[in-house]
Amino acid sequence: MSIAKKDVGVILYKKYASFRVWAPFARSVDVIGTFNDWQKTPLDSEADGYWCTKIEGVRAGQEYKFVIGTGKAELTKNDPRARQVTTSDGNSVVVDNSFTWGDSDFMLLPRQQQVIYELHVGTFNRDDPSTVGNFAGVIDKLDYLTSLGITTIELMPVFSMMMDYGWGYAPDYLYAVESLYGGRAGLMELVNAAHQRGISVVLDVVYNHFGPDKDYDLWRFDGWHKDSGGGIYFYNDWRGHTPWGDTRPDYGRTEVRQFILDNVKLWLNEYHIDGLRIDSTGYMRNTEGNNDDPEHDIPEAWSLLGDINKLAGRIKPDSLMIAEDFSGNDYITKPALDGGAGFDSQWEITFPGVLRDCLDATSDTDRNLNTVASSLTANYNNNAFQRVVYSDSHDSAANGSARLNEQISPGHPDSLYARKRSILAAAIVLTAPGIPMLLQGQEFMQGGSFNDWQELDWRQAERLPGIVLSYSHLIALRKNEYGNTAGLTGQSIAIKHLNNDDKVLAYHRYGNGGPGDDVMIIINFANKSFKDYLVDFPKTGLWRVRYCSDWKGYSPDFKDDITADVLVESSNGLLNLAPYTAVILSQDK
């Protein structure tokens, strides 16, 4: 039985570098590079599929490739574990792994305090609109994100990509950071700068398929393959097929599992990343991505997911490991010891669809508050923080769809109706049980669809400062920064009022309960006002308004029909509700 191997790839020491590569069907392996004038230096077989050599005088920045001798030809390939590549079709680069970190005091916030901001480096912030964004551009906006209240940025994949523009979900070289983004050092600088501001960093990674199908160095890496399969890194039968090509990794092969597990170590150890969001785990564990289709299950993928999460827990016990899974399955976030995959949380895939169906409906009568209530009260394994809730993501705002505000008002994504109703979505996300997530630009009404080339229009933040302020206030309440909304960080929710005729929903959020903890959220989903509207409150006494989305400070064309504090003498309270308005109330301690 094969065993995991240490020090695979290139390790740079003071006087030499070691080169080790896995190529079990090769008859010979050589390395060529700038350090040997691109002349072959042979690697020695270690008799277990690995080949290794040491070369003196190798320096960081020098380029190299492997020459794989097969039965019929020689194949020139990049290092599968290259930490940097010149370009996707260029050469591997030797890197110096040293970096001066300044984040020793950083501590990851507990789940109930986290607010995630999904961010695509290439479009987030550009100095030059004609070029791709980079890590330095993200660093320039970290103070803005801090003032907004964001605690965690979730980076869409930063792997080396075949194209200058890309989402990042077709991983080219799994260990190399995209050079146009700023490469290895640029990512480290970003993580370091984020940590110094108290912001954690979660990274999207893709293990459900490798590469842009067959135009890829891992494809038939050492020449061997079975039938039309991709060789040693891939399944060479029906299990290899994915919606993105026939490149599903062979999760049952020890060396491939180790390739993925070592990649997890890379991000958490070398780059100080605080957690991973693993893309499309459904298509790892089932060839059809279908939870109800056991004939297409891949059991070894399930065990690998458990190994990934156990490894992350050993390296960084407070790391946040998130699955994107379409099943809504409790077992995704059950511990591996209980037969689960062991993730900390998973994207709540149905949540944005429910909010969209409700809020982009043309007529108020079409808004179904029952589905909203059902989504608010759902959880996994009786733990609200095992789900990430959001109204927009890179997926829901693309793939033939658009951002929620664009869907509400096509062509006029910052219209009055778009602003009023998209703020309702934000209020729901930021008061729902779970870990809330925003999509970049959501807080200043970025329009259109998400794509990999259109940069965020930061002028929108200057044009709509009140909308940004509204998000900032919601986030502060969500984090209990004022000491009177602790219930928003709790597990519990109770629907207190659901009027599907008038389109008013009210719910109670709480942790331990009592003054300073109990929070009431009342949302008017209709384009009409209500005076002295009766709502059931959980306790008697004075309930103070902490937030009203209709405040003119958020937008000069809002009605400013501010709800007064509510005195509850029995179990009911009376309040005024402006059209399309969210109100948050709590009691003083």
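Guide: Welcome! Helices (H or I, at least four residues) and strands (E, at least two) are runs assigned by DSSP and numbered from the N terminus. This is a predicted model, in which local features need pLDDT of at least 70 and side-chain atom pairs count only at pLDDT 80 or more, while totals for chains, interfaces and linings use all residues. Residues are numbered from 1 along each chain as its sequence is written, and side-chain values use heavy atoms, with hydrogens and water left out.

Visitor: Which element supplies the largest share of the lining of the largest cavity?

Guide: That is β2, with three residues. Both β2 (16-22) and α5 (254-270) give at least two residues to this lining.

Visitor: What makes a space count as a cavity?

Guide: On a 1 Å grid over the protein atoms alone, a cavity is a set of points where a 1.4 Å probe fits but cannot get out, and lining residues have an atom within 4 Å of a point. The structure holds four cavities of 30 Å³ or more, and the largest cavity contains about 80 Å³ of space.

Visitor: How many residues of that lining are nonpolar, polar and charged?

Guide: Seven are nonpolar, none is polar and four are charged. Ala, Val, Leu, Ile, Met, Phe, Trp, Tyr, Cys and Pro count as nonpolar, Asp, Glu, Lys and Arg as charged, and the others, Gly among them, as polar.

Visitor: Why is Thr 281 called buried?

Guide: Buried means under 20% relative accessible area, exposed over 50% and partly exposed in between (1.4 Å probe, protein chains only). Thr 281 has a relative accessible area of 0%, so it is buried. You will find Thr 281 in the loop between β16 (275-278) and α6 (282-285). Beyond its neighbours within four places in sequence, Thr 281 is in contact (heavy atoms within 4.5 Å) with Leu 305, Ala 323, Glu 324, Asp 325 and Phe 343.

Visitor: Why does Asp 37 count as exposed?

Guide: Its relative accessibility is 63%, so Asp 37 counts as exposed. Asp 37 sits in the loop between β3 (28-33) and β4 (41-42), and it has a positive phi of about 55° although it is not a glycine.

Visitor: Is Lys 503 buried or exposed, and what makes it so?

Guide: Lys 503 has a relative accessible area of 6%, so it is buried. Although not a glycine, Lys 503 has a positive phi of about 65°. Its place is in the loop between β21 (492-499) and β22 (504-510).

Visitor: Why is helix α8 described as largely enclosed?

Guide: Seven of the 10 residues of α8 (residues 350-359) are buried, so the rest of the structure largely encloses this helix. Those buried residues are Phe 351, Pro 352, Val 354, Leu 355, Arg 356, Cys 358 and Leu 359. Their cover includes α9 (369-377), β19 (387-389), α10 (404-408) and α11.

Visitor: How do you know that α4 is mostly covered?

Guide: In α4, 11 of its 14 residues are buried, among them Leu 187, Met 188, Leu 190 and Val 191. Helix α4 (residues 183-196) reaches 20 Å from its first C-alpha to its last, close to the 20 Å expected at 1.5 Å a residue; the expected span is 1.5 Å times one less than the number of residues. After α4 comes Gly 198, with a positive phi near 80°.

Visitor: What makes a group of residues a nonpolar core?

Guide: A nonpolar core is a set of buried Ala, Val, Leu, Ile, Met, Phe, Trp, Tyr and Cys residues joined through side-chain atoms within 4.5 Å. The largest has 148 residues, and Phe 19, Leu 145, Ile 153, Tyr 207 and Trp 267 have the most contacts inside it. Helix α11 (residues 416-431) provides the largest share of this core, nine residues. Another core, of 16 residues, lies apart from it and includes Val 504, Ala 506, Phe 537 and Val 583.

Definitions and conventions
1 Å grid on protein atoms, 1.4 Å probe; cavity = no way out; pocket = protein on both sides within 12 Å on 5 of 7 lines; lining within 4 Å. Points joined across faces, edges and corners; volume = space filled by probe spheres on them.
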